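Dear colleague,

I am passing on the structure we spoke about, and below it you will find my notes on a few of its elements. Please read them with the coordinates open beside you.

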Amino acid sequence: MATENSSLTSIVMVSYHTGEVLSQAMASVLAQTENIELCLIDNGNPQAVMARIRDMTNADPRIHFVTGHGNVGFSRGCNIGARMTKGEHILFLNPDSILPPDAIAKLKYHGAGLRRPWMLGARLLDEHGQDQRGCRRALLTPKTAFIEALHLGTLFPKVRLNFNKEPIPERITPMPAISGAFMFLPRTDFWAINGFDEDYFLHVEDMDLCLRFRRAGGEIYFAPDIAVKHIGGTSKVTKVFIEKHKTNGFIRYFHKNFGNQYPAPLLWLLDAAIYMRMWVKLGMAALK
């Protein structure tokens, strides 16, 4: 692992056919008021985008551009970037996210007052300025999954997965889980739990990281004063590709993390519900 630098923050982006917003996302990182380095992991992008990135890399020594490894997935890409950087803190940032100029400064300020190990998330806003699901949420368990999937929220009002419709906290506040689109934490805290589980290719790896982080004694926080524009859905991949990997991720997550707590038949029933969810989503997409 690279030597830590207490004044440096490392931003890691994993890009796969992200589109034009990638340049905007990179520019917002480079415009930060703090000392930063940006590691862009290229899992696959068009030649025109590649040429633009190389031009930016040649013009700014703070950019590390890693390419030629193929599409290794989000988790492995994040770990590659984390190993290649040297900042004391790491921000894992989706390549379709636009940071405000003072984002890193605020993150470091908040982190300085927290007890280790800690992780910080921020508000993720869509193109209409609405809070997105995922940036404030509960830990995913078989119980929350069943209630969410079967729309039983009215029967179990205190058990819910996403908190995006709840009032926004006035100050930094503990949160069970946050989104992998924006995760900020000390480097040593990240590697203390061995980083992202690389057996997740796409989706659910962030839920797994949050669960393992909390089980290891870490605390996760939500910073309401940092608003990030997250475009979302910019990568040019098929619905089948996304739903396949999301389904595999959910099944791995539940069996890995709850296999010793729940009876096998219940997890098999959950597997069936996850597969049914995938086929319903693909069927609905085909009808559009």
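This is a predicted model: local features need pLDDT of at least 70, side-chain atom pairs count only at pLDDT 80 or more; totals for chains, interfaces and linings use all residues.

Strand 6, which covers residues 118–125, runs parallel to strand 9 and is joined to it by 8 bridges, with Leu 124 placed opposite Val 228. Strand 7, made up of residues 173–174, pairs with strand 9 in the antiparallel sense over 2 bridges, and here Pro 174 faces Tyr 221 of strand 9.

Turning to the helices, helix 8 spans residues 239–258, and its 20 residues reach 28 Å from the first C-alpha to the last, close to the 28 Å expected at 1.5 Å a residue. Among the buried residues of helix 8 are Phe 250, Phe 254 and Phe 258, but also the charged residues Glu 243 and Lys 246.

On the surface, Met 276, Val 280 and Met 284 form a nonpolar patch with about 320 Å² of accessible area together. Val 280 lies in helix 9, residues 264–287, and is partly exposed, with a relative accessible area of 44%. As a general point, an α-helix has 3.6 residues a turn, so residues three or four places apart point the same way.

Note on methods: Residues are numbered from 1 along each chain as its sequence is written. Side-chain values use heavy atoms; hydrogens and water are left out. Two strands pair if DSSP finds at least two bridges between them. Helices (H or I, at least four residues) and strands (E, at least two) are DSSP runs, numbered from the N terminus. The expected span of a helix is 1.5 Å times one less than its number of residues. Buried means under 20% relative accessible area, exposed over 50%, partly exposed in between (1.4 Å probe, protein chains only). Patches are made of residues with over 30% relative accessible area and no salt bridge: like charges are joined within 9 Å, nonpolar side chains (Val, Leu, Ile, Met, Phe, Trp, Tyr) within 5 Å. Accessible areas come from the Shrake-Rupley method with a 1.4 Å probe; for residues, only the protein chains shown count as cover. A salt bridge is a side-chain nitrogen of Lys or Arg within 4 Å of a carboxyl oxygen of Asp or Glu.
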